[in-house]
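Here are some notes for a colleague who is opening this structure for the first time.

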Amino acid sequence: MSNVLNLIGRRLVQLPLMILGITFLVFFVMSFSKIDPAITALGEGASIEARQEYRLEHGLDDPLLTRYARFVTGLAHFDLGTYSARQLPVIDEVLRAFPITLQLTFLGLILAVVGSLVLGVVAAIYRDRWPDQAIRVLSIASLSTPSFWLAVLLIQLLGNKVGIFSMLPTSGKLPVLTEDFGGWLYRMLLPAVALAVPVIGQLSRVVRTAVVEELDRDYVRTALGAGIPRYVVVGRNVLRNALITPITVLGLRIGYLMGGAVVIEIIFNINGMGMLIMNGVTNNEPNLVQGVTLTVALAFVVINVVVDLLYVLVNPRIRTV
């Protein structure tokens, strides 16, 4: 128990430091933006005096560390600044769009986990036989397929009413998850498939390798020799011991899924963080771009810390580390 608490304590101590580092990196990079927030807020027709007054009022000419300290103080109060000439709060748009991106990310994650587990276990059980060879070719092909390219391809196929997904929508309003789950799934399934396919290609190979290593261990041969059904041994013992490596890889791929979700949202016209950051770039809104980037980066860090803690639950051997 003490080892578990030490592991959790180390992760929780590292989390604030990583968050602070991310906030500084995002703020430092955005400080090089050529966009003048005064012009964005007041309009291009504003006079030089009005722009200068705005800059003085909002401390835009203060030293970098002073502005960063003010930025962190605002974050502590959930203030990401404002955007547009109407001075709308960035946090309101982030709170509206971020759940949509999370929904797409985790639906893609579920599809990726289920698909990779099925393909990886089947390939391991039938290793070096035709199912293993077929899954290997399929995984290499899916791994080599970028999500954005697959998304465009699916839209082209659906636009011509060709293929098994021809009834799934490629655009339109996204129903609320809690109010219309069927409609939400119907709208989200195709983007989630495009997002999950490359991850399935990589993760299925990792699952296959991990399961093969476990199947070659003595306890598996002993259990099978004792008459225990193969599906019981694989489901109860082999998978539990083999999951630690795939979960490690999956934790690293969550960032890919979230970043890919931002791009997929733009392609499928889903009004999440992807559309929000595109609007920020198109309309020269640095605060909006900064808020979206920071939110996605912080979410990635927090999710990976949670995945680290899940190692303890999945594999007891890591509790002694």
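Predicted model: local features only at pLDDT ≥ 70, side-chain atom pairs only at ≥ 80, totals over all residues.

How do the side chains of E93 and R96 meet?

1. **A pair within helix 5.** The side chains of E93 and R96 meet in a salt bridge, with a distance of 3.2 Å from N to O. Because the two residues are three apart in helix 5, E93 and R96 are separated by about one helical turn. E93 is partly exposed, with a relative accessible area of 21%, and R96 is also partly exposed, at 32%. With the cut-off for buried set at under 20%, the value of 21% places E93 in the partly exposed class.

2. **A pair between two loops.** The structure holds six salt bridges, and one that deserves a look joins the side chains of R127 and D216, at 2.6 Å from N to O. R127 lies in the loop between helix 5 and helix 6 (130–143), while D216 lies in the loop between helix 8 and helix 9 (218–225), so this pair ties together parts that are 89 residues apart in sequence. R127 counts as partly exposed at 30% relative accessibility, and D216 counts as partly exposed at 37%.

3. R136 forms a salt bridge with D132, the closest N and O atoms being 3.6 Å apart. Both R136 and D132 lie in helix 6, where they are four residues apart, or about one turn of the helix. R136 is partly exposed, with a relative accessible area of 27%, whereas D132 counts as buried at 0% relative accessibility. Salt bridges that share partners join D132, R136 and R208 into one network.

4. **The nonpolar core.** Which residues have the most contacts inside the largest nonpolar core? They are M188, V211 and M273, in a core that has 70 residues. Helix 8 (residues 181–215) gives the most to this core, contributing 16 residues. For M273, leaving aside its neighbours within four places in sequence, the contacts are V94, A97, F98, T101, V262, E265, V292, T295 and V296.

5. **A buried threonine.** Is T105 buried or exposed? T105, which is found in helix 5, counts as buried because its relative accessibility is 2%, and the cut-off for that class is under 20%. When its neighbours within four places in sequence are left aside, T105 is in contact with L195, L257, M258 and A261.

6. **The largest pocket.** About 870 Å³ of space lies in the largest pocket. Its lining is made up of 30 residues, of which F27, P37, L60, N287 and Q290 lie nearest the centre. The elements that give two or more residues to this lining are helix 1 (2–30), helix 2 (37–42), helix 3 (48–57), helix 4 (64–76), strand 1 (82–83) and helix 13 (286–314). Helix 4 gives the most to the lining of the largest pocket, with four residues. By class, the lining of the largest pocket has 11 nonpolar, 12 polar and seven charged residues.

7. **The second largest pocket.** Which element supplies the largest share of the lining of the second largest pocket? About 420 Å³ of space lies in this pocket, and 18 residues line it, of which L75, F78, L80, L294 and L298 lie nearest its centre. Helix 1, helix 4, helix 5 (90–125) and helix 13 are the elements that give two or more residues to the lining, and the largest share, five residues, comes from helix 5. The residues of this lining divide into 14 nonpolar, three polar and one charged.

8. **A residue of helix 4.** A69 lies in helix 4 and, at 39% relative accessibility, counts as partly exposed. A69 and F24 are 45 residues apart in sequence and 9.6 Å apart in space, taken from C-alpha to C-alpha.

Definitions and conventions. Residues numbered from 1 in each chain as written. Heavy atoms only, no water. 1 Å grid on protein atoms, 1.4 Å probe; cavity = no way out; pocket = protein on both sides within 12 Å on 5 of 7 lines; lining within 4 Å. Points joined across faces, edges and corners; volume = space filled by probe spheres on them. Nonpolar A, V, L, I, M, F, W, Y, C, P; charged D, E, K, R; others polar. Core = buried A, V, L, I, M, F, W, Y, C linked by side-chain atoms within 4.5 Å. Buried < 20%, exposed > 50% of the residue type's maximum accessible area, 1.4 Å probe, protein only. Contact = heavy atoms within 4.5 Å. Salt bridge = Lys/Arg side-chain N within 4 Å of Asp/Glu carboxyl O.
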